[in-house]
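Here are my notes for you on this protein.

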Amino acid sequence: MEDKAAENRTKTSLVSPDVLQTKDFVFSPIKPLNRIGDSGALLLAKLKTDRRKRYLVKHAFCDCAANEFVYTKLAQAMDVRMPEAKLFQISEGEKRNYFKTEYILATKYLDLIDENPSYRIIREQALNWQDYFRFRAMYDMFLEGDSFEVLLASDRYIYRVDTTDAFLYSDHILARSGINIVIGNHNVKEQIKSEMLSRSYNSRWQYMDFEGTLKKLVTRYGNECIKPFLDSFTRIQDVPKDYIDSFLNTLCYFYPDFIGDYFKLFITALQRVSYEYLRTKG
């Protein structure tokens with residue numbers, strides 16, 4: 001946190017609708033589905049002035065906030081639904097010892113109809129049922145490796161959740177990315193920065209078979225899945241650069257600045273790969 005504060009001294013004060021202050025909320029433990037998942041112990045945050053405004057809080061690992069915040073901001077620009085995502089800033093003078101890391105993600109708490117709906121239920125009840133196939137495309141596009149989770153909320157929309165395992169880096173890397181000290185002959189932070197920014201972004205998707213995924217979906221669900229699946233590859237190209245810069249600038253008040261550079265490289269490469277894939281469709 002001290003190293004991040006030093007980076008932030010050269011910036012203007014953080015003002016963003018995507019940032020919440022811990023002092024404005026009360027927190028309590030929550031165990032959705034009566035279990036602790038891969039994101040660790042969770043909290044429920046309620047706004048002090050309006051307890052109906054609730055957020056599910058992830059704080060145990062260093063990758064949840066970055067990956068799910070970026071994923072959500074891109075999804076929103078692509079006009080598909082994920083729970084609204086915010087970042088918590090630990091308020092000055094905060095004495096409550098709730099948070100295991102300083103990287104704290106808050107996603108809007110959803111009241112659910114079904115936490116694991118079948119496609120039949122989605123097709124019959126969800127107002128945005130076509131997003132199911134947009135989500136399936138985005139799973140491959142964002143290089144996810146964990147389970148594909150979709151919820152049906154009480155507003156009759158489906159939402160993607162738990163997208164931490166995306167973008168090809170782990171909690172282990174992010175946990176060290178802000179450690180600006182020399183161990184042995186190397187500075188830990190600079191070593192992580194060099195590794196992340198020197199990756200071959202052009203080859204990230206060489207083993208990803210978008211067309212193979214689409215063919216499997218068509219076999220199972222029919223031709224109605226084709227258009228929404230391909231929509232995602234069009235929509236990612238239309239996400240404006242200034243919008244990307246804006247939410248990454250916010251992210252980099254919390255994470256080292258080079259994490260924002262990594263995401264910019266990743267998104268630019270993904271936009272190019274998406275364009276090339278659509279060209280094969282004629």
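1. In what sense do strand β2 and β3 pair, and over how many bridges? Strand β2 (residues 25-30) runs antiparallel to β3, and six bridges link the two. Here two strands pair if DSSP finds at least two bridges between them. Strands (E, at least two residues) and helices (H or I, at least four) are DSSP runs, numbered from the N terminus.

2. A word on where this comes from. This is a predicted model, in which local features need pLDDT of at least 70 and side-chain atom pairs count only at pLDDT 80 or more, while totals for chains, interfaces and linings use all residues. Residues are numbered from 1 along each chain as its sequence is written, and side-chain values use heavy atoms, with hydrogens and water left out.

3. Now the overall picture. The protein has ten helices and eleven strands. Its C-alpha trace spans about 55 × 45 × 30 Å along the principal axes. A compact globule of 282 residues would have a radius of gyration near 19 Å, and the protein agrees, with 19 Å. That radius is taken over C-alpha atoms, and the globule rule is 2.2 Å times the number of residues to the power 0.38.

4. How much of the protein is buried? Of its 282 residues, 50% count as buried. Buried means under 20% relative accessible area, exposed means over 50%, and partly exposed is in between (1.4 Å probe, protein chains only). As for contacts (heavy atoms within 4.5 Å), take those between residues at least 6 apart in sequence: 70% of them join residues at least 24 apart.

5. Back to the sheet with β2 in it. Six strands make an open sheet with mixed pairing, in the order β1-β5-β6-β4-β3-β2. β1 (19-21) and β2 are at the edges with a single partner strand each, so one side of each has no neighbour in the sheet. On average, neighbouring strands here are turned by 35° against each other, direction ignored. Axes are lines fitted to C-alpha atoms (for helices, over the stretch in contact), and angles run from 0 to 180 degrees between N-to-C directions.

6. Follow β3 (residues 42-47) for a moment. Five of its six residues are buried. Toward strand β4 (residues 50-58), β3 pairs in the antiparallel sense over six bridges, with A45 opposite Y55. β3 and β4 form a hairpin, with two residues between them.

7. β1 pairs with β5 in the parallel sense, over three bridges, and L20 has F88 in β5 as its bridge partner. Helix α2 (residues 64-77) lies across β4, β5 and β6, at about 40° to β6.

8. G37 sits in the loop between β2 and β3 and is partly exposed, at 30% relative accessibility. Its C-alpha atom is 24 Å from that of L47, ten residues apart along the chain. S91, in the loop between β5 (85-89) and β6 (104-108), is buried instead, with a relative accessible area of 5%. Not counting residues up to four places away in sequence, S91 touches Q21, T22 and K23. A polar atom of the S91 side chain lies 3.0 Å from the backbone nitrogen of K23.

9. There is also an open sheet of three strands, in the order β7-β8-β9, with antiparallel pairing. Its twist averages 50° from one strand to the next. Strand β8 (residues 149-153) is joined to β9 by four bridges, and L152 stands opposite I158 in β9. Helix α4 (residues 131-141) packs on this sheet, touching β8 and β9, and its direction makes about 15° with that of β9.

10. Finally, the inside. A nonpolar core is a set of buried Ala, Val, Leu, Ile, Met, Phe, Trp, Tyr and Cys residues joined through side-chain atoms within 4.5 Å. The largest one has 69 residues, and M141, F142, Y169, L251 and F263 have the most contacts inside it. Helix α10 (residues 257-279) gives the largest share, eleven residues. A second, separate core has twelve residues, including L20, F25, Y55 and V57.

Technical notes: A polar contact is a pair of N or O atoms within 3.5 Å; within protein, one must be able to donate a hydrogen and the other to accept it, and residues adjacent in sequence count only if both atoms are side-chain atoms.
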